[in-house]
Amino acid sequence: MKINKLCPIVTTDQLADVRQFYTQHLGFKVSFDHPGGYLGLRSQSNPGIEIAFMAPCEQGHPYGGHGVTLCLEVDDVDAEHQRLSQAGLTILVPLKDNPWGDRSFISVDPVGVSIYVYSPIEPTEEFKKCMKE
């Protein structure tokens, strides 16, 4: 798998606190801000370094939305989905287009870390408004 970008997402209900901490003390700037509970931050000194935070998902959601998620951007998410499915990996959320601007699926590693594999697509107008750069 050729990975173009890696971005960890940490689930927390303290989005305002982490926004202030990372922007004030560590030189990050807001790159994506959705009022539904997703905050993307990018390093000002190295735009290739990103971290994101999201609010916990509701109970029973197929993707647990807790702990840490690793987001892996790839060139061809359909090919990776097929390859990893054929290899017998557990797929938590099937391949789908998302309004925030990616086509993705979610798998899980042996210790329970969610692996969000995606390729960028055009976001909807609602989500374009959330992009800060």
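Reply: In this predicted model, the side chains of Glu-50 and Lys-5 meet in a salt bridge, with 3.2 Å from N to O. Because Glu-50 lies in strand S4 and Lys-5 in strand S1, the pair ties together parts that are 45 residues apart in sequence. As a general point, side chains of opposite charge can pair when their charged atoms come close. A search of the whole structure finds ten salt bridges.

The two strands that hold this pair are also joined to each other through bridges of the sheet. Strands in a sheet pair through backbone hydrogen bonds, and they may do so in a parallel or an antiparallel way. S1 and S4, the latter made of residues 50-54, run parallel and are joined by three bridges, and Val-10 stands opposite Phe-53 in S4. S1, which covers residues 3-11, is also joined to strand S5, residues 68-74, by seven bridges, and these two strands run antiparallel. Within that pairing, Leu-6 has Leu-72 of S5 as its bridge partner, while the bridge partner of Cys-7 in S5 is Cys-71.

Seen as a whole, the sheet is open and mixed in its pairing, with eight strands in the order S2-S3-S4-S1-S5-S8-S7-S6. Its edge strands are S2 (28-34) and S6 (91-98), each of which pairs on one side only, and from one strand to the next the twist averages 20°. Helix H1, residues 15-25, packs on the sheet and touches S2, S3 (38-43) and S4, and its direction makes about 5° with that of S3. Helix H2, residues 77-86, lies across S5, S6, S7 (102-108) and S8 (114-120), and runs at about 20° to S7.

Of the 42 residues that line the largest pocket, Phe-32, Tyr-38, Trp-100, Asp-102 and Tyr-116 are the closest to its centre. Each of the strands S1, S2, S3, S4, S5, S6, S7 and S8 supplies at least two residues of this lining, so S1 and S4, the strands that carry Lys-5 and Glu-50, are among the contributors. By type, the lining residues divide into 24 nonpolar, ten polar and eight charged.

Notes: Residues are numbered from 1 along each chain as its sequence is written. This is a predicted model: local features need pLDDT of at least 70, side-chain atom pairs count only at pLDDT 80 or more; totals for chains, interfaces and linings use all residues. Side-chain values use heavy atoms; hydrogens and water are left out. Two strands pair if DSSP finds at least two bridges between them. Helices (H or I, at least four residues) and strands (E, at least two) are DSSP runs, numbered from the N terminus. Axes are lines fitted to C-alpha atoms, for helices over the stretch in contact, and angles run from 0 to 180 degrees between N-to-C directions. Contact means heavy atoms within 4.5 Å. On a 1 Å grid over the protein atoms alone, a cavity is a set of points where a 1.4 Å probe fits but cannot get out, and a pocket is an open set with protein on both sides within 12 Å along at least five of seven lines; lining residues have an atom within 4 Å of a point. Ala, Val, Leu, Ile, Met, Phe, Trp, Tyr, Cys and Pro count as nonpolar, Asp, Glu, Lys and Arg as charged, and the others, Gly among them, as polar. A salt bridge is a side-chain nitrogen of Lys or Arg within 4 Å of a carboxyl oxygen of Asp or Glu.
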